[in-house]
Amino acid sequence: MASIIGAVTLAHEFIRSRVKEGDVCIDATAGRGYDTEFLCSLVGKSGKVIAFDIQEEAVESTRRLISEKGYDGIAEVVLDSHANMDRYYDGEIDCAVFNLGWLPRGDHNIHTNADSSIEALSKALEMLKDGGILSLSIYYGRETGFDERDRVLEYLKTLNPSVYTVIVSEFTNRPNCPPICVFIVKLVEV
């Protein structure tokens with residue numbers, strides 16, 4: 001029996017195809033640290049990953065995982081909003097990863113919101129070097145997330161098509177608010 005393809009699988013395949021040793025990446029929503037760990041495995045010791053989360057539980061979980069996997073020198077985990085990423089790094093980045101929603105196995109009353117997420121997306125897109133990528137998974141449902149989903153998708157429609165290619169992918173045959181996957185490539189200036 002074939003395994004189910006999910007948002008993480010799609011995001012990781014997209015990222016794996018573009019991120020390489022020595023790259024600089026941002027995990028805008030560290031969560032439990034799985035994307036941070038994945039990015040560290042791709043960029044190696046000559047690369048850098050900066051991860052953000054507003055919840056101490058998420059930061060501790062991510063730091064613990066990074067330490068267990070031996071990526072301490074590669075990843076920096078910051079307790080702050082992803083909207084403040086430019087305060088911690090002012091250079092160009094190769095990749096940014098976002099998972100909007102709530103902390104897995106965490107308090108669903110604490111979640112990302114449209115205002116800070118759009119601000120963070122805007123900053124990450126500006127920081128992307130030519131040819132850089134952004135992966136965005138939008139998790140929504142219950143009483144949270146619908147406003148953020150709708151506003152983020154509308155924001156993405158405003159991105160200049162001569163600068164960014166934006167691909168939105170949905171699981172149309174899955175029930176209960178399946179995640180929406182977004183893949184963005186910043187085009188190379190010629």
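Which residues does T36 touch, not counting residues up to four places away in sequence? They are D27, A30, V49, A51, T62, I66 and A75, where contact means heavy atoms within 4.5 Å. T36 sits in helix 2 (residues 34-43). With a relative accessibility of 0%, T36 counts as buried; buried here means under 20% relative accessible area, exposed over 50%, and partly exposed in between (1.4 Å probe, protein chains only).

A quick word on the ground rules. This is a predicted model, so local features need pLDDT of at least 70 and side-chain atom pairs count only at pLDDT 80 or more, while totals for chains, interfaces and linings use all residues. Residues are numbered from 1 along each chain as its sequence is written, and side-chain values use heavy atoms, with hydrogens and water left out.

Now the overall build. The chain has five helices and seven strands, taken as DSSP runs numbered from the N terminus (helices H or I, at least four residues; strands E, at least two). From the N terminus on, their order is α-β-α-β-α-β-β-α-β-α-β-β. Here are some whole-chain values:

| Property of the chain | Value |
|---|---|
| Box filled by the C-alpha atoms, along the principal axes | roughly 45 × 40 × 40 Å |
| Accessible surface (Shrake-Rupley, 1.4 Å probe) | about 9,600 Å² |
| Share of that surface on carbon and sulfur atoms | 50% |
| Buried residues, out of 190 residues | 52% |

Of the contacts with a separation of 6 or more, 73% link residues 24 or more positions apart.

On to the inside. In soluble globular proteins, nonpolar side chains tend to be buried together. The largest nonpolar core has 30 residues, and M85, F98, L134 and L136 have the most contacts inside it. Such a core is a set of buried Ala, Val, Leu, Ile, Met, Phe, Trp, Tyr and Cys residues joined through side-chain atoms within 4.5 Å. At least two residues of this core come from each of strand 1 (24-27), strand 2 (48-53), strand 4 (93-100), helix 4 (114-127), strand 5 (128-138), helix 5 (146-157) and strand 7 (180-186). Helix 4 gives the most, with six residues.

Take M85: leaving aside its neighbours within four places in sequence, M85 is in contact with I26, A28, F52, F98, A120, K123, A124 and M127. There's also a second, separate core of 23 residues, including A7, F14, F38 and Y71.
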